[in-house]
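Please read these points with the sequence and the model side by side.

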Amino acid sequence: MGKNNIQKREDVLFERISQLIDESRRKIKTTINTAMVYTNYGVGSYIVENEQQGEQRAAYGKAVLKRISKKLTDKYGEGWSVETLKKCRKFFQIYSPANGSIPQNQLKSVYSVDQIHPFTLSWSHYLVLMRIKNDEERNFYEIECQKQDWSVRQLQRQYASSLYERLALSRNKDEVMRLAKEGQTVEKPDDVIKDPLTLEFLGLKADDSYSETKLESAIISKMRDFLLEMGKGFLFEARQKRFTFDEEHFYVDLVFYNRLLQCYCLIDLKKDKLTHQDLGQMQMYVNYFDRYVKQDFEKPTIGILLCKKKNDALVDLTLPKNANIYASAYELYLPDKALLQSKVKEWIEEFEEYEPDAENTNKE
């Protein structure tokens, strides 16, 4: 047996053992994280039972937590501060059946914690989620964390960028409710559109002078963050994709493929306001891909014009209804979350205000 073959076999053996060890460590880490979450939930349940007795927190509650914290620290070391105990209590209060998060029939005993809630995230994830006051919004981010395997940093970024509100404002009431129950579902082109698209991670300033080429380069250098912002199913294929028609060359700024929708997604970058010429150009790009690139089993191509300023009326006037082309504004800073939250609340209240009238009309 040659020396090279021996080395190859040795390398294969090393890789197989390494993969086994890495997988084992991941499982151990996951098990430890899960155990910590369930333990903290149980600690919270004990505190609530002893200190609150199902009522408002008693005046002596703080003193009790201080004494318990000292005893736990003496026995187990750091990690059991009064603040930690308060977070455990809050965790139980948020995810306990009394809050409506868990069906009563799933609760056999407050101590059989593993039967209560299928906690699948780390304690650090739940520390972020517990800061979200709205139950529907918190449910949405928890579901998305589970489905997309978000890191804590990614969760923090998506919450800070008001992903829930931006998606909610582009949907009808039924689909907003669906966000809270199922997370973001991608079944049609509209489902992947966010308006605005938040690009604060590019590091560009709104008042700076930058070209479309610089904007494109910044996106390429931060592609992982850009894909996170784009959402589910997007795969990057090409930059400045060239195609030739009638001996003339054309270039699409960014080409993506969405594996969930099974279609190409073309993005053209515009640093200024949208024009009807821009829309016509994108229509030509989409037509070319549909006729010469798309395969029979694939869905129609989506075109997105990412611009500093958009005009919905111009889009409606210029393009046919089934054009599959969308205009989306982008922002180089995080949106005002409080403002978006108030808009979502007003939008739902308006819908609910007219909903009974619609029901009565149908009955008549």
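1. Seven bridges connect β4 to β5, and these two strands run parallel. Strands and helices here are DSSP runs numbered from the N terminus, with at least two residues (E) for a strand and at least four (H or I) for a helix. Two strands count as paired if DSSP finds at least two bridges between them. Within this pair, Lys273 stands opposite Lys309 in β5.

2. The model is predicted: local features need pLDDT of at least 70 and side-chain atom pairs count only at pLDDT 80 or more, while totals for chains, interfaces and linings use all residues. Residues are numbered from 1 along each chain as its sequence is written, and side-chain values use heavy atoms, with hydrogens and water left out.

3. The sheet is open and has six strands in the order β1-β6-β5-β4-β3-β2, with mixed pairing. Its edge strands, β1 (197-198) and β2 (234-245), each pair on one side only. Helix α11 (residues 276-293) packs on this sheet and touches β2, β3 (248-258), β4 (263-273), β5 and β6. Contact means heavy atoms within 4.5 Å. The direction of α11 makes about 165 degrees with that of β4; axes are lines fitted to C-alpha atoms, for helices over the stretch in contact, and angles run from 0 to 180 degrees between N-to-C directions.

4. Is β4 enclosed or open to the outside? Eight of its 11 residues are buried, so β4 is largely enclosed by the rest of the structure. Buried means under 20% relative accessible area, computed with a 1.4 Å probe on protein chains only.

5. β3 and β4 run antiparallel and are joined by five bridges. Phe256 stands opposite Cys265 in β4. Four residues lie between the strands of this hairpin, where Gln262 takes a positive phi near 55 degrees.

6. Strand β5 (residues 302-309) is also joined to β6 (residues 325-331), by five bridges, and the two run parallel. Cys307 stands opposite Ala329 in β6.

7. The axes of helix α6 (residues 152-160) and helix α10 (residues 223-230) come within 11 Å and cross at roughly 55 degrees. Arg153, Gln154, Arg157 and Gln158 of α6 meet Arg224, Asp225, Leu228 and Glu229 of α10 in the contact.

Notes: Buried < 20%, exposed > 50% of the residue type's maximum accessible area, 1.4 Å probe, protein only.
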